Amino acid sequence: MNKENTITVAEPQNSRIKEYLKKYRVVLLILVGVLLLGSIVLIIYFKKKKKRISITKKSATILLPFKPLQIPNNVDTVKLKEVYDFISKKLAFFDVEKQKDLDAYNINNLPVSYLASNRKSVLLLFDSNGMKTVIKYVVKANYNFDEKKEVLCSRLFGNTEHENLIEIYDVETRKLLHSTVIMILMRYCEVDPWNMIWKHENEIREYATQVLLGMKVLHDNKWAHLDFKLCNTVAVKNGKGDYTYKIIDYGNARCIESGTSEKYTAGRGTPGYTDYEGRVKGIYGYASDIWAIGRTLLNHNTVENYRDMKDSFENVDENYEFNKYVKFNNKYSLEMKHFIWLCLQKNFDDRPNVKTLLNHEFIRKKTIQNRKAIEQLFKQ
């Protein structure tokens with residue numbers, strides 16, 4: 001009797017459910033279709049979305065071992081804050097191109113002096129308790145994703161303890177009315193390689209080796225410098241009487257989140273040190289740094305007609321051919337010429353990576369093989 005009652009009650013419920021499904025079938029199908037379409041649209045959107053995140057989980061994992069920045073104990077942090085205030089409240093609104101300009105605004109006699117400047121940034125020497133450091137500041141009208149990259153890169157690589165990357169002690173940003181000022185406290189290096197035009201091949205080799213080692217740290221951790229040149233390196237004398245070279249200025253640095261290159265709409269780098277892909281196509285990557293290193297090694301001593309060569313590289317185009325741009329001075333070895341030739345290959349994929357270049361015969365002081373074949377590369 002109970003079973004019969006149960007069956008009798010259940011049948012109408014099932015019937016009603018079937019009736020509802022039949023009645024609203026079209027509505028349900030439309031809802032399911034909308035959900036599926038929305039999911040597809042979202043997947044396509046995120047796949048095509050420009051890679052505008054500061055760092056991926058993968059690269060973040062790689063970068064986690066880096067230490068946070070630390071201001072040296074000798075630096076008076078109270079006085080440093082006063083200097084930051086002075087920059088953000090006064091200097092940021094004026095052009096400072098020489099010591100006289102700085103003196104006109106430094107009415108409180110803060111311990112800073114003018115070092116250098118360009119159209120983008122100003123370098124000040126900050127002397128605190130006998131310890132000299134450098135404060136770089138740059139004013140950005142739009143503190144957007146691109147500008148934040150310099151801050152991120154400086155914080156990530158400023159305390160790596162790698163001798164070929166500049167030591168950065170602090171990064172401060174201040175929001176102004178219509179802009180943002182970025183201030184970076186870093187080590188003071190007494191030697192400017194810009195004033196060093198190497199005559200001897202051993203000097204060129206030492207410089208190339210050290211900047212490759214510094215660049216390797218960036219590339220290994222998915223970053224490209226994208227503005228390498230001689231004036232973006234500094235030097236200090238080491239205990240052996242030689243120089244230790246350090247890469248500076250991460251103003252154009254970018255995280256290459258996948259592959260070996262990315263495309264940006266804005267220009268990167270400095271004319272004369274930017275390859276064809278970057279100058280014309282807006283494509284930048286690790287190979288951009290390799291090109292810039294090779295170009296940096298070309299100076300008044302290594303090539304003939306330096307001025308003509310310099311002009312050619314500033315206007316590099318699709319017709320670029322190495323031998324039309326570069327005429328080496330014959331006193332340099334075939335190994336050095338081949339090293340630079342490899343760096344300055346027209347196509348991205350034809351340039352070696354940093355690890356390969358560090359094993360090149362020029363760097364290792366080895367004799368290159370197949371000399372006759374390689375000599376033919378430099379026949380005019």
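Guide: The structure holds 1 cavity of 30 Å³ or more, where a cavity is a set of points, on a 1 Å grid over the protein atoms alone, at which a 1.4 Å probe fits but cannot get out. This is a predicted model, in which local features need pLDDT of at least 70 and side-chain atom pairs count only at pLDDT 80 or more, while totals for chains, interfaces and linings use all residues. Residues are numbered from 1 along each chain as its sequence is written, and side-chain values use heavy atoms, with hydrogens and water left out.

The largest cavity has a volume of about 90 Å³, a volume being the space filled by probe spheres set on the grid points, which are joined across faces, edges and corners. It is lined by 13 residues, of which Leu226, Gly269, Tyr273, Thr274 and Ser288 are the closest to its centre; a lining residue has an atom within 4 Å of a point. By class, this lining has 5 nonpolar, 4 polar and 4 charged residues, with Ala, Val, Leu, Ile, Met, Phe, Trp, Tyr, Cys and Pro counted as nonpolar, Asp, Glu, Lys and Arg as charged, and the others, Gly among them, as polar.

The element that gives the most to the lining of the largest cavity is α9, with 3 residues; helices here are DSSP runs of H or I with at least four residues, numbered from the N terminus. Helix α9 (residues 286-296) also packs with helix α7 (residues 201-220), at an angle of about 165 degrees and with the axes 11 Å apart. The axes are lines fitted to C-alpha atoms over the stretch in contact, and angles run from 0 to 180 degrees between N-to-C directions. α7 and α9 are therefore roughly antiparallel to each other, a term used for angles over 145 degrees. Their crossing is right-handed, which is to say that the near helix is turned clockwise from the far one by less than a right angle.

Where the two helices meet, Tyr207, Val211, Leu212, Met215 and His219 in α7 face Tyr286, Asp289, Ile293 and Thr296 in α9, contact meaning heavy atoms within 4.5 Å. By class, this contact of α7 with α9 has 6 nonpolar, 2 polar and 1 charged residues.

Beyond this helix, asparagine 305 lies in the loop between α9 and α10 (306-314). The phi of asparagine 305 is near 50 degrees, a positive value in a residue other than glycine.

Note on methods:
Angles under 35 degrees count as roughly parallel, over 145 as roughly antiparallel, 65 to 115 as roughly perpendicular and the rest as oblique. On a 1 Å grid over the protein atoms alone, a cavity is a set of points where a 1.4 Å probe fits but cannot get out, and a pocket is an open set with protein on both sides within 12 Å along at least five of seven lines; lining residues have an atom within 4 Å of a point.
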